[in-house]
Structures are given as C-alpha cells and as structure tokens.
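Here's a quick briefing to read with the model open beside you. Grab your viewer and follow along, topic by topic.

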Amino acid sequence: MENNLENMVIPQHVALILDGNGRWAKKRGLPRTMGHKEGCVTVEKTVEIAARMGIRYLTVYGFSTENWKRSAEEVGALMQLFRFYMVRLLKIAKANNVRVKMIGERSRFDKDIVEGINRLERETKDNTGLTFVIAVNYGGRDEIVRAARKMAEDVKEGKLDPKDLTEASFASYLDTADMPDPDLLIRTSGELRLSNYLLWQLAYTELYVTDCLWPDFSKEELEKAIIAYNSRDRRFGGVKEK
C-alpha cells in the first residue's frame, strides 16, 4: 500500500543507520555477508527513491570506526563489497544526477579503495541532484576530535583567534561542513541508540525507529518515516506561540 505524501514537507536531509543486515541473513540461514550484500542493493534502491522524492541530502552509516573490531573474515568481505559497489554506485550516480560524498577517515583503507572513493567524488562533483553521503571509517567522536585538532593547529599558526570560536566556526571543521544538519534520522531493526553517528549534527534532528531490517527497507517504509516526521512539532529548543 502506497502512502500519500501530497502536501507534506519533504525533509531536506535524511540520515540513515542501516541496521539488521546480519539478522536478516540469520533468519534465512545465510552467512552475514549475504545480508550485507542484500543491504547494498537496498542502498541503491533508496538512493534512487530519495532522489525522486526531492530529498536533497541522504547520509548513510556505511562502516564505523568500531566495525574494525568485527572478525577479519567479515571485515574482508565488507571491503570486497565496498570495492564492487563503488563501481555500481558511480553508474547509478551518473544516471540519477547524484553527487557522492564520503565522510570519515579514509586513510586506513587500502590504496585502491581510497582511489575509488576519490574517483566517486571527483566524477560526480558537478551533479546537481541529491547529494549521497556515505560515512566510512566514521565515528562521531573521532570526527569531533579531528575537527578540534585542525582548529587547534589553526590557532597555533595564528590563522584563528580563540575568541572567534563559535558553534558555526567549529562546525566548519567537521566532515559535514558544507551540508545542512539532518532533519530526520531513520534507524532500522528497532535499536534505540545513536551508535556514535553524527553526534554534533543530530542535536535537533527528529528520530524515527522502525523494526524493519535494513535489507527489507522499501519506498513504503521511507514514506512512513516522512509521514511521522510531518507529525512532529520542531521547536529547536524554543516555544512556538499559539
């Protein structure tokens, strides 16, 4: 059943925590890697759906700084998937006028993956539709520490006066410096935590949690989240007059 989004506000920036790939595979007696593979297919579909809906920014949690703790076998399989889907993503981005951006500390990846990331960004930078942001080797705390380090270096070199430090100036050092903060965060599989994701940027974001496992996420699920978003009263810490 399709939901009616007519006359509804489409959030400018939607962030996603793609949870439940392993559980999806386990329910079907499949290895966890098959869940990740199916999850990548869902990402492809969601990018195209979001672009058609008029969402301007779609940010997904692809691989966290903590994910390196998983088994060597699973991490290796994820890296191979990443290599494969970077090629597919380039085709999808070009076909849908999508700009691709990566956030996180990419230097830990193998050279060919870093080159693939750089190519994705370079060859889609002039696209004017949806900006698809992938957080890879990303952690919210790590991002804040890296930003603080860069800012401290600028103070040390005389490029910045500490008295000029504001929320806006600090945000300019974050990986998301050229992006608006998310309006809506969707987390699949029913987990109720942020998992070190966009900690600075989610300060006033509306949160939506669904029990749907990520590989099963669909256009209808995204529409449900947008309908819920439209039912919220966003005051940003203030009080609206009646």
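K101 pairs with V133, its bridge partner in β4. Keep in mind that this is a predicted model.

- β3 and β4 run parallel, and five bridges join them.
- How many of the five residues of β3 are buried? Five of the five are, so the strand is largely enclosed by the rest of the structure.
- That cover applies to both faces of β3: R99, K101 and I103 are buried on one side, with V100 and M102 buried on the other.

**Aromatic pairs**

- The count of aromatic pairs comes to ten.
- One of them is Y61 with Y138, an edge-to-face pair with 6.1 Å from centre to centre and 80 degrees between the planes.
- Y61 belongs to strand β2 (residues 57-64) and Y138 to strand β4 (residues 131-138), so this pair ties together parts that lie 77 residues apart in sequence.
- Y61 counts as buried because its relative accessibility is 9%, under the 20% cut-off.
- Y138 is buried as well, at 0% relative accessibility.
- F82 and F109 make a tilted pair, because their planes sit at 55 degrees, with the ring centres 6.0 Å apart.
- This pair also links distant parts of the chain: F82 is in helix α3 (residues 72-95), while F109 is in the loop between β3 (99-103) and α4 (111-124), 27 residues away.
- Are these two phenylalanines buried or exposed? Both F82 and F109 are buried.

**The cluster around W68**

- F82 and F109 also belong to one aromatic cluster, together with F63 and W68.
- What lies over the face of W68? That would be R108, at 4.1 Å from the ring centre.

**Loop residues with positive phi**

- N97 isn't a glycine, yet its phi is positive, at about 60 degrees.
- You'll find N97 in the loop between α3 and β3, and its 31% relative accessibility makes it partly exposed.
- L198 is another non-glycine residue with a positive phi, in this case near 45 degrees.
- L198 is located in the loop between β5 and β6, and at 2% relative accessibility it counts as buried.

- Which residues form a nonpolar patch on the surface? L194, L199 and L207 do, and together they have about 220 Å² of accessible area.
- L194 is in the loop between β5 (184-187) and β6 (206-209).
- With a relative accessible area of 33%, L194 is partly exposed.

- D142 is part of helix α5 (residues 140-156).
- D142 is partly exposed, with 28% relative accessible area.

Notes: Residues are numbered from 1 along each chain as its sequence is written. This is a predicted model: local features need pLDDT of at least 70, side-chain atom pairs count only at pLDDT 80 or more; totals for chains, interfaces and linings use all residues. Side-chain values use heavy atoms; hydrogens and water are left out. Rings of Phe, Tyr and Trp (its six-membered ring) pair if their centres lie within 6.5 Å; planes under 30 degrees apart count as stacked, over 60 as edge-to-face and the rest as tilted. Helices (H or I, at least four residues) and strands (E, at least two) are DSSP runs, numbered from the N terminus. Buried means under 20% relative accessible area, exposed over 50%, partly exposed in between (1.4 Å probe, protein chains only). A charge sits over a ring if NZ of Lys or CZ of Arg is within 6 Å of the ring centre and within 35 degrees of the ring normal. Patches are made of residues with over 30% relative accessible area and no salt bridge: like charges are joined within 9 Å, nonpolar side chains (Val, Leu, Ile, Met, Phe, Trp, Tyr) within 5 Å. Accessible areas come from the Shrake-Rupley method with a 1.4 Å probe; for residues, only the protein chains shown count as cover. A salt bridge is a side-chain nitrogen of Lys or Arg within 4 Å of a carboxyl oxygen of Asp or Glu. Two strands pair if DSSP finds at least two bridges between them.
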